[in-house]
Amino acid sequence: MNPDAGSANHDPASPGDALAPLRLPAFRRFLLARFLGSLGGRMLGVAIAWQVFDRTRSEFASGLVGLVEIVPVFLLALPAGHLCDVRDRRAIVLAARAGMALAVAGLLAATLLRLPIAAVFVCIACLAAVRT
């Protein structure tokens with residue numbers, strides 16, 4: 001029998017404690033931020049697809065959204081990986097978040113000003129590039 005079982009001196013960071021990270025406030029904040037960021041990204045993806053279809057009434061244009069999102073990933077994946085290896089990752093994350101904010105602001109402006117759909121696709125490509 002384990003003499004420490006049920007005692008108040010049990011180490012919360014023991015290897016068998018799967019919930020130990022959730023007891024750390026910094027990890028809970030990180031997890032919440034990741035969840036909300038992921039949720040927001042999904043909502044943005046749906047809104048973009050909806051907007052493109054609503055403005056064009058074209059299934060082809062809606063499908064083109066996916067192409068415009070994936071091309072920057074193929075083109076920038078290796079250079080982005082190299083950049084992450086040689087530069088400060090915190091600065092890269094901050095720059096990427098700022099780029100995402102600018103791309104979303106561009107999408108907002110394109111929507112409010114009823115700019116041509118090409119402007120929306122440029123913003124989508126920029127958003128995909130900074131997400132890479």
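**Exercise 1. Work out how helices H1 and H2 pack.**

Step 1. Take the geometry. H1 (residues 25–56) and H2 (residues 59–86) pack at an angle of about 150°, their axes 8 Å apart. Helices here are DSSP runs (H or I, at least four residues), numbered from the N terminus. Axes are lines fitted to C-alpha atoms over the stretch in contact, and angles run from 0 to 180 degrees between N-to-C directions. The model is predicted: local features need pLDDT of at least 70, side-chain atom pairs count only at pLDDT 80 or more, and totals for chains, interfaces and linings use all residues. Residues are numbered from 1 along each chain as its sequence is written, and side-chain values use heavy atoms, without hydrogens and water.

Step 2. Name the arrangement. H1 and H2 are therefore roughly antiparallel (angles over 145 degrees).

Step 3. H1 passes H2 in a right-handed crossing (the near helix is turned clockwise from the far one by less than a right angle).

Step 4. List the contacts (heavy atoms within 4.5 Å). From H1 come Ile 48, Ala 49, Val 52, Phe 53 and Thr 56; they meet Glu 59, Ala 61, Ser 62 and Val 65 of H2. By class, this contact has six nonpolar, two polar and one charged residues.

**Exercise 2. Is Gln 51 buried or exposed, and what is in contact with Gln 51?**

Step 1. Gln 51 sits in H1. Gln 51 is buried, at a relative accessible area of 13% (buried means under 20%, exposed over 50%, partly exposed in between; 1.4 Å probe, protein chains only).

Step 2. Set aside neighbours within four places in sequence. Gln 51 then contacts Thr 111 and Val 120.

**Exercise 3. Classify the pair Phe 27 and Phe 30.**

Step 1. Both residues lie in H1, three residues apart, about one turn of the helix.

Step 2. The ring centres of Phe 27 and Phe 30 are 6.2 Å apart and the planes stand at 40°, so the pair is tilted. Rings pair if their centres lie within 6.5 Å; planes under 30 degrees apart are stacked, over 60 edge-to-face, the rest tilted.

Step 3. Phe 27 is partly exposed at 31%. Phe 30 is partly exposed at 48%.

Terms used: Helices (H or I, at least four residues) and strands (E, at least two) are DSSP runs, numbered from the N terminus. Angles under 35 degrees count as roughly parallel, over 145 as roughly antiparallel, 65 to 115 as roughly perpendicular and the rest as oblique. Ala, Val, Leu, Ile, Met, Phe, Trp, Tyr, Cys and Pro count as nonpolar, Asp, Glu, Lys and Arg as charged, and the others, Gly among them, as polar. Rings of Phe, Tyr and Trp (its six-membered ring) pair if their centres lie within 6.5 Å; planes under 30 degrees apart count as stacked, over 60 as edge-to-face and the rest as tilted.
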